[in-house]
Structure formats: structure tokens, C-alpha cells
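Open your viewer and get ready to click along. We will go from stop to stop, selecting a few residues each time.

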Amino acid sequence: MKNNFFLILFICFTILGCTKSDDDNNNNNETEMIDKTKILELVNKSRSSGCNCGSAYFPPVTELTWNDKLETAAQKHSDWMSENNKLSHTGENNSSAGDRITAEEYTWNAYGENIAEGYTTEEAVVQGWLDSEGHCKNIMSGNFSEMGVALTGTYWTQVFANSF
């Protein structure tokens, strides 16, 4: 009986091709699961301690909270960038981050967006944003109270906003 089990496994994996194909494993258009808690903690660690963005020091600011509408706006933009193989703040139909946030019925009075390509972990992408002066300034802005982040393939989008 034990030998039959291994024979069946052998047939499945070698003859029937029961494993994922290389195309399945390399699909860059798949929505990736990110660790929301981890990425929020990483961002808030910088916000709560203050940091240098380029040559300018930014003092501590209040922590951000997660917002699902901002996450959805971020996800749709990451999807679009992945589908079009294009890293850009301008999205589908020339949309801006503000347009995408509004489309998710989030009423904002301030927003910002960070994008990135090629990072493989939450730690790496947050460090990449902190190492970029403009992205770092978004992370450290006291104008924002909420954020959402999404990843599709290799394309990351981080959306910040503050509602009325």
C-alpha cells in the first residue's frame, strides 16, 4: 500500500504535471498578501521617533492607522501598474492618487502616495521609501492620519490621507 502511494505521487508530479508551471510561479500580475501589521509598525516606528529625510530632520508625529478604502485605492493602482508594467503616480485614465482615493468614497483634505518596484519584503520597501527624500517626507508628514498599502507582482503603492 505504501509503495502504491509513492507511485501515485510520482505519476502525479512527473507525468501529469501536478506542480505549478514556471508561468504560474512567475506571474507578476498576482495580488500579493502583505503583512499589514508589520508595514504599519515599520512606518509608525519612524513617525514616532522622527528621522532625517535627506538633509532635513522631521520630528516625531502621530502614528497612522490602517484604512481599508486607502488600501483598496492602493491595490487598484498597484494592479494597474503591474498590468501596464509601468511605475507611475499617474494611473488609469490619467488618474491621480486623489482621484483614486475619491473613487473609493474617501473624503480627504490631504493625501500623498508612495510607489515602488522590485522590493520583496515590507522591511525593504519601507527602508527604500525612507531612503528617498520625497517618499520619506510623505511618511513623516503630520498632514496624514491614515494609510493603506498594496502589492501586485513587484509593484507597491502606499496611500496616505486625512479625512475631514
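Which residues of α7 are buried? Select helix α7, residues 133-140, and you will find that its buried residues are Cys136, Asn138, Ile139 and Met140. Buried means under 20% relative accessible area, exposed over 50%, and partly exposed in between, with a 1.4 Å probe and protein chains only. Helices (H or I, at least four residues) and strands (E, at least two) are DSSP runs, numbered from the N terminus.

**Before going further**

This is a predicted model: local features need pLDDT of at least 70, side-chain atom pairs count only at pLDDT 80 or more, and totals for chains, interfaces and linings use all residues. Residues are numbered from 1 along each chain as its sequence is written, and side-chain values use heavy atoms, with hydrogens and water left out.

Colour the model by pLDDT, the predictor's confidence in each residue, from 0 to 100. The protein averages 86, and 81% of the residues score at least 70. Now select residues 1-29, where pLDDT stays under 50. Where pLDDT is low, the predicted coordinates should not be read in detail.

Next, switch to a cartoon view. The protein has seven helices and seven strands, and along the sequence they follow the pattern α-α-β-α-β-β-β-α-α-β-α-α-β-β. Of its 164 residues, 40% are buried.

**Stop 1: around α7**

Two packed helices are described by the angle between their axes and the distance between the axes. Axes are lines fitted to C-alpha atoms, for helices over the stretch in contact, and angles run from 0 to 180 degrees between N-to-C directions.

Select α3 together with α7: they pack at an angle of about 80°, with their axes 9 Å apart. That makes α3 roughly perpendicular to α7; angles under 35 degrees count as roughly parallel, over 145 as roughly antiparallel, 65 to 115 as roughly perpendicular and the rest as oblique. Show the side chains of Val43, Ser46 and Arg47 in α3 and of Asn138, Ile139 and Met140 in α7, which make the contact. Contact means heavy atoms within 4.5 Å. These residues divide into three nonpolar, two polar and one charged. Here Ala, Val, Leu, Ile, Met, Phe, Trp, Tyr, Cys and Pro count as nonpolar, Asp, Glu, Lys and Arg as charged, and the others, Gly among them, as polar.

Trp129, Leu130 and Asp131 of α6 meet Glu133, His135, Cys136 and Ile139 of α7. This contact has four nonpolar, one polar and two charged residues.

**Stop 2: salt bridges**

How many salt bridges does the structure hold? There are five, each being a side-chain nitrogen of Lys or Arg within 4 Å of a carboxyl oxygen of Asp or Glu. Let us visit some of them.

Select Glu71 and Lys36, whose side chains meet at 3.1 Å, N to O. Glu71 lies in α4 and Lys36 in α3, so the pair ties together parts that are 35 residues apart in sequence. Glu71 is buried, at 17% relative accessibility, while Lys36 is partly exposed, at 34%.

Select Glu123 and Lys38 next, paired at 3.2 Å, N to O. Glu123 in α6 and Lys38 in α3 are 85 residues apart. Glu123 is partly exposed, at 36%, and Lys38 is partly exposed too, at 29%.

Then try Glu104 and Lys76, with their closest N and O atoms 2.8 Å apart. Because Glu104 sits in the loop between α5 and β5 and Lys76 in α4, this pair ties together parts 28 residues apart in sequence. Glu104 is buried, at 15%.

**Stop 3: two asparagines**

Most residues other than glycine have a negative phi. Select Asn85, in the loop between α4 (68-84) and α5 (97-103): its phi is positive, about 50°, and the residue is exposed, at 61%. In the loop between α4 and α5 you will also find Asn93. The phi of Asn93 is positive, near 55°, and Asn93 is exposed, at 73%.
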